[in-house]
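Here are some exercises to work through with the model open beside you. Try each task yourself, then read the solution step by step.

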Amino acid sequence: MLRGRAAELAEMERLLAAAWGGCGGALVVRGEAGAGKTVLLEAAVAAAAAGGVRVLRGAGVESEAELPYAGLQVVLREVLDRVGRLPQRQARALRAAAGLVGGPADDDDGDGDGPGDRFLVGVAVLTLLGELAAVRPVVVLVDDAHWLDHESAEALVFAARRLGVERVAVVFAAREGAGVFGGPGLPVLQLGGLSDEAGTALLADHAPGLHPSVRHRVLAQAQGNPLALVELAAALTPGQLAGTEPVSDQEIAVLPASWRVLRIFDERIAALPAATRTLLTVAAAEHTGELALVVRAAARLGATTADLGPAEEAGLIGPGAGRVVFRHPLVRAAVYQGAGLSRRMAAHRALAEALADDDTGRRAWHLAAATAGYDEEVAAALEKSAELFRSRGGRAAVAAAYERAARLTEHQEPRALRLAAAAQAAAEAGQSEHAAALADEAAPHLDRPREASRLASLRAGLAHSSGRPDAARLVLVEAAGAVAHRDPAEGALLGFEAMAAAWDTPEPAVATADTMARLSGLDLGGGPLVRGAAGLHGLTTGDPEGGSAALREFAAYVAAAGRERRLPDRAVLQGWDMLLGDYLAVHEQAAALDRECREQGAVGVLPRVLLRLARCRLFLGRHGDAYATAVEGLEIARDTGHDHYVAQLRGVLSVLAALDGDERACLDPPGGESGPGVPPNPLWHGYARGLLDLGQGRYESALHRFAAVTTGPRRHVAIALHALADEVEAAVRLGRPEDAREPADRFARWAAGIGMPWTRAVDLRCRALLAAAGEGGGPVGAESPAGVLYERALAEHAGDGRPFERARTLLLYGEWLRRGRRRGAARNVLAEALESFQRMSATPWADRTRGELRAAGAGTESAPARPGRAGPGLAGRLTAQELQVVRLAATGMSNRDIGARLFISPRTVGYHLSNAYPKLGVASRATLAGLDLA
């Protein structure tokens, strides 16, 4: 019976009941060692057994925390025979992770991460759990989750956050401070200490004859820790239990309860025969607990199977099917930590010798744990194991293996190369601070240009991602100077990266000028990368024409290089095309990258690509598609820990909400559940609030917000340049055309520099607004300056791919015509504008257009579009994910294929389809192909 845990047990039961009913979920049980986490998991096992539920169990082990997917293999060991049922790439990734295939990945052609994308394994776990849950509900229980290897933790957390309607419950038991186990989709159940009342009841269960005075002392010492209560009472002699012998607690009174329990276990272990202690040390050093392996290794140290008996009699281990099972994780910790360094090293060496020759990774780690000082042979074995781990997707394990290999390496250059490899892998695993420390340690000792260049890029990227772009810039400039005379191509690449970092500094104009001055004295070859750097410099320092021309040359080079670069590299380099304003071309490139990411299972690259797609679709007036893309990108960015992209995508959603007139969603866009540390991107959020004010007619506030965006230190980026035209409109509507002239001139210079039809059209619109402001009221003729400018603007808009900007030009033109008493012409123009605004779900602008139409003497029967959707058509009836699922289903894709593409389970696909059918008025997927889902 669980004492004092009724509320916690009820929470666990609610989670399981919801999962059995088709609402999957996860829970993190947190508390200090001995707080009762394992007992709660046992309660979940009992409940699952009573309901005929499949239980998958595993636990983290400290000594195996560096082996990739060691924990995941234990959790899934009973169901790995089902992997063949998964989509091909997922199956390959999970097989590699589980060690079911050997050697390097055979499908990594350099375009993507192949099975190395660590999040693809999480998708595979999700799909596998869904396959199992289709037969009967599943509960996954992971004890000591804080000791899970990094890769297992990421895969299980990714799957747990995306369970959706699967009949699956996942429970992690972890100590305090296990940061990966928390956040959106992972509610935390905190186990505090038991009350004195509950503690007294627990003592009565385990020590019914306990004297009241002794009970009081035990309660005080245990501090509410259930395991401490039980073990402290069990450690008392019969006389102490009865109160006839004294109980001294001086030695342990100042220790935490969990340490007191460890002391009790230490005493029991110390009382065991030497051979039993040896056998237990070997078992504690091997995460699988595989009895045959443990006995085989222990035999090398003089222990046999019979030596397990005393440990079982002492209550330290329990029965297990072919495994050594410690009674509690603290027992394992007490055995391993109490063994002493020499005995631990002997145990690891024995395990290395007992393992099969083809178990390269585990043998290397056991050898490393058994080695002190330098040893090139063991270091080489670790390096070999690191590459094996890489083929399995174990980036954190690669980092750990290379770092340990470096520590065993005596000579400086190979040591630095191994540290650099460790830093790169740690960065790929998301361990930014550790990666930076390793890279800084390696940098002074790397002399080869290519390796030094790559390490500089890594160090700069880590500095940039931690909010220090100027430090990143300086690292890159210094590295460019060091390698340019030996390898101009590497120097040019570093130079471009330095300018890109300068672009993001607090004072970009100063930083780009300084960077250009430093690079000008280097021999970089003058190729497209150098031209790209010059283009960025031009755009920040007021030369949009020259900057755009140089950047266009760079963009052509990136496009031509194409498949020569890895998918993640192309995802980074192609982003600069946005500054040229050709959103149709950028969208085509981003859509191709999106397809590649999904085909290759490159989940980790997707947030960047989906951000670019969402922005392109916003600019192209495909607001419903932009919303669906941003929501998907936000979910994947959140689930993969890419907080930077969470902030950026929340900024896009803020702008879409502003266009919809949804003030609440504009101020607090979706994704806020990612935590208070991930606010929307401030520049995009500021622009969104300006758009909201402009749409609602709050022109003073809109002008102030747009001015802050267009004159701030980030005034050179694309969204700030867009805001110039909005600033012009706000100033003119406010009756202050003098405040519109400077932003209008700046926009005109940018428009001339990039030469896109839509920028020419918007420039003409701004000039028309200013011309109309100078005309005053009264009738106007067809040849008036403002009218001519509006007509020219609409001619430029034809086929320019910016329907929202065209509709805004139509609205302003229609307003001008109505005020000029040309009501018939105004009605025609305004009706066209209204139809566009409704299609794009731009509610405030549609409402204003209706008002203008009424003032022009026309009726407006059209209904407003629904917020956050694709418009008033069929697509507008669906949620973002329903729309994605239905569109793919309409092409004939199966639920399984759709799930693989969207990184959700097939059951979740079916759930979305069943919700979408009644909204669309259809009964099955057979009729979807004939629907207009644009």
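The radius of gyration is taken over C-alpha atoms, and the globule rule is 2.2 Å times the number of residues to the power 0.38. This is a predicted model, in which local features need pLDDT of at least 70, side-chain atom pairs count only at pLDDT 80 or more, and totals for chains, interfaces and linings use all residues. Residues are numbered from 1 along each chain as its sequence is written, and side-chain values use heavy atoms, leaving out hydrogens and water.

**Exercise 1. Find out whether the radius of gyration of the chain agrees with the value for a compact globule.**

Step 1: Start from the length, 934 residues, for which a compact globule would have a radius near 30 Å.
Step 2: Compare this with the chain, which has 33 Å, so the two agree.
Step 3: Look at the extent as well: along its principal axes the C-alpha trace spans about 110 × 65 × 55 Å.

**Exercise 2. Describe what the chain is built from and how much of it is buried.**

Step 1: Count the elements, which are DSSP runs numbered from the N terminus (helices: H or I, at least four residues; strands: E, at least two). The chain has 45 helices and seven strands.
Step 2: Apply the burial cut-offs: buried is under 20% relative accessible area, exposed is over 50%, and partly exposed is in between (1.4 Å probe, protein chains only). Of the 934 residues, 56% are buried.

**Exercise 3. Take the salt bridge of R450 and E490 and work out which parts of the chain the pair links.**

Step 1: Recall the idea that side chains of opposite charge can pair when their charged atoms come close. A salt bridge needs a side-chain nitrogen of Lys or Arg within 4 Å of a carboxyl oxygen of Asp or Glu.
Step 2: Check the distance, which is 3.2 Å from N to O for R450 and E490.
Step 3: Judge their cover: R450 is partly exposed at 44% relative accessibility, while E490 is buried at 10%.
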